[in-house]
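User: I would like to go through this protein model step by step. Please start with the terms and then answer my questions.

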Amino acid sequence: GVHVIEPGLGYLACGMVGAGRLADPEKIVAETLAVLGVSQDLAGETVLITAGPTYEPIDPVRFLGNSSSGKMGYAIAEAAIRRGAKVVLVTGPTALTPPSAAEVVQVETAEQMRNAVMEHFAEASIVIKTAAVADYTVKQRSDQKIKRKGEMTLELTPTADILAELGARRVKPSQIIIGFAAETEHGIAHAREKLRNKKVDAIVMNDVSQAGIGFGSERNAATVVTTHEEIDIPEMPKFAMAQRVLEIALKLRTPQKSEVASR
């Protein structure tokens, strides 16, 4: 059950040249990952991932937000790095520590997230949008703290639909774009509608009405809706689900690569 990594060739302590020097760190990492069954099938890919919530300010101390913890997106970022990808992680406010090997862009609002995503979109071969981006923002933010004085009405305006914009501005045919959708009812129907309207390759639908999964949890379950199928992912740790999502992304790329080659 022991796997031996052979020593490298080089100058030894005795002054002679021969086998005995420490193997290169890259070789040690590659062989360790191979023994652990971790594939490097994303080597050469750039994966752009969004994670966490966005906060839409009302005044200097209040904001509109949601319950996203960012755990799913961070799990996908870590899994993609382990599979050899370069990862750009655009993250809203979370309490998580991002993977050290990722290029991290910290944002707060939907507009900031949209700008960061568009800045890195062209270099990405795979885009996975797990972030819970606010659908609305406050039309007129107050520069001063709003004092309590009875009922108050907030006028909201829609934010940019980042996923739809990505689908409409796809840089190259081989680029894969996957969105996440948190639903509480008619999940599959809504996911299929989003898939069609936003012109993306897959929607990962989470039924957040189920207890024990989704926002803030260490576990998740989903149905991945593509043009041709619906893939059920049973409840499992988010890191394991991240691996499943990446495997589906690679399978989606295969026919697209073949199609490009045939042209």
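Analyst: Buried means under 20% relative accessible area, exposed means over 50%, and partly exposed lies in between, with a 1.4 Å probe and protein chains only. Helices (H or I, at least four residues) and strands (E, at least two) are DSSP runs, numbered from the N terminus. The model is predicted: local features need pLDDT of at least 70, side-chain atom pairs count only at pLDDT 80 or more, and totals for chains, interfaces and linings use all residues. Residues are numbered from 1 along each chain as its sequence is written, and side-chain values use heavy atoms, with hydrogens and water left out.

User: What distance does helix α2 reach from its first C-alpha to its last?

Analyst: The expected span of a helix is 1.5 Å times one less than its number of residues. For the 12 residues of α2 the expected value is 16 Å, and the model is close to this, at 17 Å.

User: Which residue with a positive phi follows α2?

Analyst: The phi in question is near 100°. The residue that follows α2 with this angle is Gly84.

User: How many residues does the largest nonpolar core have?

Analyst: A nonpolar core is a set of buried Ala, Val, Leu, Ile, Met, Phe, Trp, Tyr and Cys residues joined through side-chain atoms within 4.5 Å. In soluble globular proteins, nonpolar side chains tend to be buried together. Among the residues with the most contacts inside the largest core are Ile76, Val87 and Phe180, and the core's number of residues is 36. Apart from it lies another core, with Leu48 and Val133 among its members, and its number of residues is 25.

User: What is the relative accessibility of Gln175?

Analyst: Gln175 is in the loop between α4 and β11. Contact means heavy atoms within 4.5 Å. Leaving aside neighbours within four places in sequence, Gln175 is in contact with Phe121, Ala124, Ser125, Arg170 and Asp201. Gln175 counts as buried, with a relative accessibility of 0%.

User: What separates the C-alpha atoms of Pro93 and Val107?

Analyst: Pro93 is in the loop between β6 (86–91) and β7 (103–106), and it counts as partly exposed at 22% relative accessibility. Leaving aside neighbours within four places in sequence, its contacts include Pro53 and Val107. Pro93 and Val107 are 14 residues apart along the chain, and their C-alpha atoms are separated by 7.1 Å.

User: Which strands are the edges of the eight-stranded open sheet?

Analyst: Two strands pair if DSSP finds at least two bridges between them. The sheet has mixed pairing and the order β7-β6-β3-β8-β11-β12-β13-β14. Each edge strand pairs on one side only, and the edges are β7 and β14.

User: Which residue in β12 stands opposite Ala181?

Analyst: Strands β11 and β12 run parallel and are joined by six bridges. The residue in β12 opposite Ala181 is Met205.

User: Which residue in the turn between β1 and β2 has a positive phi?

Analyst: Strands β1 (residues 8–11) and β2 (residues 17–21) run antiparallel and are joined by four bridges. They form a hairpin with five residues between them, and the turn residue with a positive phi, about 95°, is Gly15.
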